[in-house]
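Try each task before you read its solution.

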Amino acid sequence: MITRQRLAAGICALLATLTAGVAFPAGAVADETDSAASPKVELVLDVSGSMSAKDMDGGSRMAAAKQAFNEVLDATPEEVQLGIRTLGANYHGNDRKTGCKDTAQLYPVGSLNRTEAKAAVATLQPTGWTPIGPALLKAADDLNGGDGTRRIVLISDGEDTCQPLDPCEVAREIAAKGIGLTIDTLGLVPDAKTRDQLSCIADATGGTYTSVQHKEELSDRVGQLVDRAADPVVTPVATEGTAQCSSAPTLKSGLYTDREEFGKQRFYRVDVDPGQELRASVSVGADREVNPDYGVLLRAVTVHGREIVRGEGTGNGRTDVVSTGLRYPKAESDDDSAPAETVCLQVTNSFSAASGVKTTPGLPLELTVDVVDGPSGASDVASFGLGRGWWLLGALVLTGFVAGLLWGWLSRWRLAVWRTN
């Protein structure tokens, strides 16, 4: 019995060793990211009169926000440059025109002095209007410059009171600039109109909307969003596709953003050398209300219009983003001086705007381009549909063979002992 247990343990150890060797090959390395650029975050707080309402665990919304800010300031990562902007904090009057200009930077975006930032937050008192649109425009300017991630965290308990400057349209304009700025929103009141507006703002920039009704939830969520800014990400590069391949921009490997009109197409060019493989994917988002049943088509074509390969995705209104991708391996050439092939990437969408919805600016488009060394022989990830699963299959076969030999030897040994006794 003891011998059997030891044998079983040995087999398990062998299997674990082989599996680890497969899962973590010697050549595998982690993706490297540029950590030199500091991430920037600006907390934008609604300090309008309604923030004095006492419905956050028995305390006021303002008190809950102050507590959340103090806890977040204590936990902010050292590498994050953080700032605080307010809206509706300074004007006490009833003049709408003046109230809709009431936004100010309470603490500048930069290296954080926790004592000074907390002292500034402590002075806030619920006061005026709710100019969300103007505050977002100013916050975008506060975060301008640099290559690091940029994030706005907006905390509000109501709709913008400064129409016709629609904050959702402001968010779309910010996204259209292609500066890689994300806006996350937190709503302190579960009101349908507030939720719809804050959700629209977040969706326009790829951010998130969260409804919060408790102090602990507010502190936790703001802290999560600030921490997320410190995560290494790839900053997309703004580009502008064209209606014809001949005039399209030539792209290198990277992540790109653009805007595409409803039902239109955009072209981009990529040079692929012999022996390389082009991998491309595209996502088109519905940042406003659209009609159901839509799709996105990504085609790789030659400069003469012949289709090489395509990928397509469809949606039915349940999701606001549709993605698809393609791969094109360029065969190796015996001629070392063979020129690169220019591949045209054509992105077409079949979105249509709902009644009364503006069609400009176009829909947000995100394009990923990756030109890598082409696969060869057994390393081809598509080999017989198994790809690198061949390694795992070989390991399992070897493990089974060794285990069979050991089990057979043990069985014969036990039989010999039985006969002897």
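**Exercise 1.** Find the bridge partner of leucine 186 in strand 6.

*Solution.* Start at leucine 186 and cross to strand 6, where threonine 210 is the bridge partner. Next, widen the view: strand 5 (residues 181-187) and strand 6 pair in the parallel sense over three bridges. Strands pair if DSSP finds at least two bridges between them; strands themselves are DSSP runs of E, at least two residues, and helices runs of H or I, at least four, numbered from the N terminus.

Before going on, note that this is a predicted model, where local features need pLDDT of at least 70, side-chain atom pairs count only at pLDDT 80 or more, and totals for chains, interfaces and linings use all residues. Residues are numbered from 1 along each chain as its sequence is written, and side-chain values use heavy atoms, leaving out hydrogens and water.

**Exercise 2.** Work out the strand order of the open sheet.

*Solution.* Six strands run in the order 3-2-1-4-5-6, with mixed pairing. Strand 3 (103-110) and strand 6 (209-211) are the edges; each has a single partner strand, so one side of each lacks a neighbour in the sheet.

**Exercise 3.** Locate the disulfide of cysteine 168 and describe its surroundings.

*Solution.* A disulfide here is a pair of cysteine sulfur atoms within 2.5 Å. Cysteine 168 bonds with cysteine 200, the sulfur atoms being 1.6 Å apart. The torsion about the S-S bond is about -40°, so this disulfide is left-handed. Both cysteine 168 and cysteine 200 are buried (under 20% relative accessible area; exposed is over 50%, partly exposed in between; 1.4 Å probe, protein chains only).
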